[in-house]
Amino acid sequence: MNDKHQDIRTPPNVHNLSGTVRRVGVELEFAGLSSEQAAELVADSFDGTTRPIDMPFVLSVADTKWGEFQVELDTQYVHPEKDLGDILEESSLPVSKEDIKTVRNLNSYVRQHWVGKALAGVVPTEIVTPPIPWDELGELEILVEALRAHGAKGTDDGVVYSFGVHLNPEIAREDVDYILAVLRAYMLLSDWLRDEIHVDLMRKILPHIDPFPKEYAVKILAADYAPDLDALIKDYFAMNPTRNRELDMLPLFKHLAPKTLAKLTDDERIKARPTFHYRLPNMCLSDPGWSVVQEWNRWVAVETLAADEDTLRRLGDSYLANAKSPIGEWLKEVRLWLENLTNP
């Protein structure tokens, strides 16, 4: 199924808690273009205005119909949270303001003329979209085609390119039953998603999209597992104490229960978001049939299964009955359900 013109699938929950169309944030990683070049493509694609933030590595593109895009060279070495001047200023060392200014200037020069150039071929440039209504995701194809036309390199253009596409679908509800149902559905469809996406070998080797431990899947798929939100978060973190999961739940948990998560981790990289953070897809720029809509449609299968209580329970029971099998009869049932979903 590699048709970039395929229709976008409708999720079972079209609206958010406010009754407006749910939105999706998208993160696109690639090489071959600088942040400045990529920002210009975003501006040209969506009638935006480029604005420097940390030149030449971080720019925004404002005034698009959806809001503000951010474009950056995705490395802490190029745009760290603190530069050397900050560190000196906060230290107890006997340095003058003039010394700190000199160090800041040197730090900036090194970043712009050495670090960035050294890493630009390996470290991805990243475009982070504003939240986009799910039924308008097809318009991102304008940008994807522009990236292709201007030589951007995706996941399959180099053995060291572990680039991905992240989808951040806005949640439809905040209750624990809804969140748990999506988690359960994802556990059941994870193997199918990996097969469909043909996850790049380098991305499999690196830890960024690690699968969930089978022990965690067994725990949450149990019919008698009925935690409240705090227990769900604590159980999740006990077995997944990391941001490196194919479906990273920590941003959502920080949004829903910041005090609970703060007792478990002080990782400042976790940003509260009312979204699922789905990180599995490749950035397939060398495949002219690939599109963001294709990845959204795969995600909708997860939400569709989550909304089908009877099928979710049946497939969950099948998984538990075959959990020790290297292949698992449950996966055959999953694929049959998916075939019926695609061809009712």
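1. Helix α5 spans residues 176-197 and bends by about 50° at L189. The bend is the angle between axes fitted to the seven residues ending at a residue and the seven starting there. Helices (H or I, at least four residues) and strands (E, at least two) are DSSP runs, numbered from the N terminus.

2. The model is predicted: local features need pLDDT of at least 70, side-chain atom pairs count only at pLDDT 80 or more, and totals for chains, interfaces and linings use all residues. Residues are numbered from 1 along each chain as its sequence is written, and side-chain values use heavy atoms, with hydrogens and water left out.

3. Of the 22 residues of α5, 18 are buried, so the helix is largely enclosed by the rest of the structure. Buried means under 20% relative accessible area (1.4 Å probe, protein chains only). H198 follows α5 and has a positive phi, near 55°.

4. Strands β2 (residues 49-54) and β3 (residues 58-62) run antiparallel, joined by 5 bridges. Pairing requires at least two DSSP bridges between the strands. The two form a hairpin with 3 residues between them. D54 stands opposite V58 in β3.

5. The axes of α7 (residues 214-221) and α8 (residues 229-239) come within 10 Å and cross at roughly 160°. That makes α7 roughly antiparallel to α8 (angles over 145 degrees). E215, Y216 and K219 of α7 make the contact with L232, D235, Y236 and M239 of α8. Contact means heavy atoms within 4.5 Å. Axes here are lines fitted to C-alpha atoms over the stretch in contact, with angles running from 0 to 180 degrees between N-to-C directions.

Note on methods
Buried means under 20% relative accessible area, exposed over 50%, partly exposed in between (1.4 Å probe, protein chains only). Angles under 35 degrees count as roughly parallel, over 145 as roughly antiparallel, 65 to 115 as roughly perpendicular and the rest as oblique.
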